[in-house]
Amino acid sequence: MVRSLVISVHDFRSRRKASVHFLTGELAKRGPVRFFSVGLSRLSEHRGDTRADLKDRANRAEVVDGVQCYLYRTLWHPFTLRKPALLPLERLLFRAYRLTMPAVFRHGIRWAEVVFIESGMAAIFIPDIRRLNPKARIVYLASDDLSVIGAAETIKRDFATHFDEIDTVRLPSRFLLDSLPHGRSAIFAPHGIDRTLTERSYDSPYGARRGCVSVGSMLFDADFFNIAARLFPELDFHVIGAGKAASKLDARANIVIHEEMPFSDTLPYVRHAALGVAPYLDAGTPRYLIDTSLKLKQFGLFGIPAICPYFALGDAPGRFGYRPGDAATIESAIRAALAHDTPITIDAPGWSDILDRLLTPERFPEHRLHPAAG
């Protein structure tokens, strides 16, 4: 039994699910868990924070599915000021934010045996964790490269300065290794899968027509659907939770737009889809997306052929690539996916196995990662 604290810019109660949610769910099976969500403010809400619908439940503890949740909401929060000349002011804002964290946050750090920090703003709290609880194990969940997601210079500098205070770094992709100061504490722990999801019964939401589905807003490329819907009028393209990017979709009868919905409500759309779509923009997209795309892994779990840009193909079975904006390759990929009749299976560990690697990395020396020579 282990006491765990998770610090993230996600909230455990959010409808949109990321890897940190599934890991937290597994942690709750092994002991008490507290989930502290940072970075929500009136400023972030104005910019479209996906946690805005939870603001009425902020600044108080609430237990959901065995996890004590706390969403910290303020009038403001620190952010990147971009210009080098403003770096001293940026550092001052981040320091002020750290110093004014509520007592429940400091108590949670002292209480925890293991503290999980997700990449992003949460990285600024590494020295606070070490100061308040020197015996706590710190596990850094490297969901993204800080430079790729546009993290503030203060976050990147603090992360590098205090990196050696981290006990274990979880890398869901080996391509993320180069984003670390070194790889001595890194362990490869890819996104897990929950095979029980495929054992449930789901009613089809598609009616008599064949449906294709996309879930989420990350790097969402509306042009894919505008092209594909025109080329394949016999198919319905269901777009779930694309957010503001959905406004760029053409008003066509076979493009069906859905608001963001709870993760469990998306599963019937995936289970009965003729194919799944990961419509990523080609905007200097990092190579680690090959491994870290949860939607592509979800399609593979349900045995659904997946359409994605060439840069996200990798060597996973059942994926068909196209060039963003290119109608010929989009048409070719969809036709190949619709004609695919070989069973699709993926060989991936469960989330429980992934958590084992993070809690007891000494048991898994074969998954340790080291920097390349030179």
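User: Buried means under 20% relative accessible area, and exposed means over 50%. In this predicted model, is phenylalanine 36 buried or exposed?

Analyst: The cut-off to apply is 20% relative accessible area. Phenylalanine 36 has a relative accessibility of 3%, so the residue counts as buried.

User: What kind of aromatic pair do phenylalanine 36 and tyrosine 72 form?

Analyst: A search of the whole structure finds 17 aromatic pairs. In the one formed by phenylalanine 36 and tyrosine 72, the centres are 6.0 Å apart and the planes make an angle of 40 degrees. Planes under 30 degrees apart would count as stacked and over 60 as edge-to-face.

User: How many residues apart in the chain are phenylalanine 36 and tyrosine 72?

Analyst: Phenylalanine 36 is in strand S2, residues 33–41, and tyrosine 72 is in strand S4, residues 67–74. Tyrosine 72 is buried, with a relative accessible area of 10%.

User: Why does the pair of phenylalanine 220 and phenylalanine 225 count as stacked?

Analyst: Phenylalanine 220 and phenylalanine 225 are both buried. Their ring centres are 5.6 Å apart. The pair is stacked because the planes of the two rings are at 15 degrees.

User: Which elements are included in what covers the buried residues of helix H8?

Analyst: Helix H8 runs over residues 263–271, and its buried residues are Phe263, Thr266, Leu267, Pro268, Tyr269 and Val270. The cover over them includes helices H1 (19–27) and H10 (294–301), together with strands S9 (210–215), S10 (235–240) and S11 (255–258).

User: Is aspartate 65 buried or exposed?

Analyst: Aspartate 65 is in the loop between S3 and S4, and has a positive phi of about 50 degrees although it is not a glycine. Most residues other than glycine have a negative phi. The relative accessibility of aspartate 65 is 66%, so the residue counts as exposed.

User: Where is asparagine 59, a residue with phi near 60 degrees, located?

Analyst: The phi of asparagine 59 is positive, in a residue other than glycine. At 37% relative accessibility, asparagine 59 counts as partly exposed. The residue is in the loop between helix H2 (42–46) and strand S3 (62–64).

User: Which residues is threonine 329 in contact with, leaving aside neighbours within four places in sequence?

Analyst: Threonine 329 is in helix H11, residues 327–339. The residue is buried, with a relative accessible area of 12%. Beyond the neighbours within four places, the contacts of threonine 329 are Tyr310, Gly321, Tyr322 and Arg323.

User: What is the radius of gyration of the chain?

Analyst: The secondary structure comes to 12 helices and 14 strands. For 374 residues the globule rule gives 21 Å, and the chain is close to this, so it is as compact as a globular protein of that length. The radius of gyration of the chain is 21 Å.

Technical notes: Residues numbered from 1 in each chain as written. Predicted model: local features only at pLDDT ≥ 70, side-chain atom pairs only at ≥ 80, totals over all residues. Heavy atoms only, no water. Helix = DSSP H or I, 4+ residues; strand = E, 2+ residues; numbered from the N terminus. Rg over C-alpha atoms; globule rule 2.2 N^0.38 Å. Phe/Tyr/Trp six-rings, centres within 6.5 Å; stacked < 30°, edge-to-face > 60°. Buried < 20%, exposed > 50% of the residue type's maximum accessible area, 1.4 Å probe, protein only. Contact = heavy atoms within 4.5 Å.
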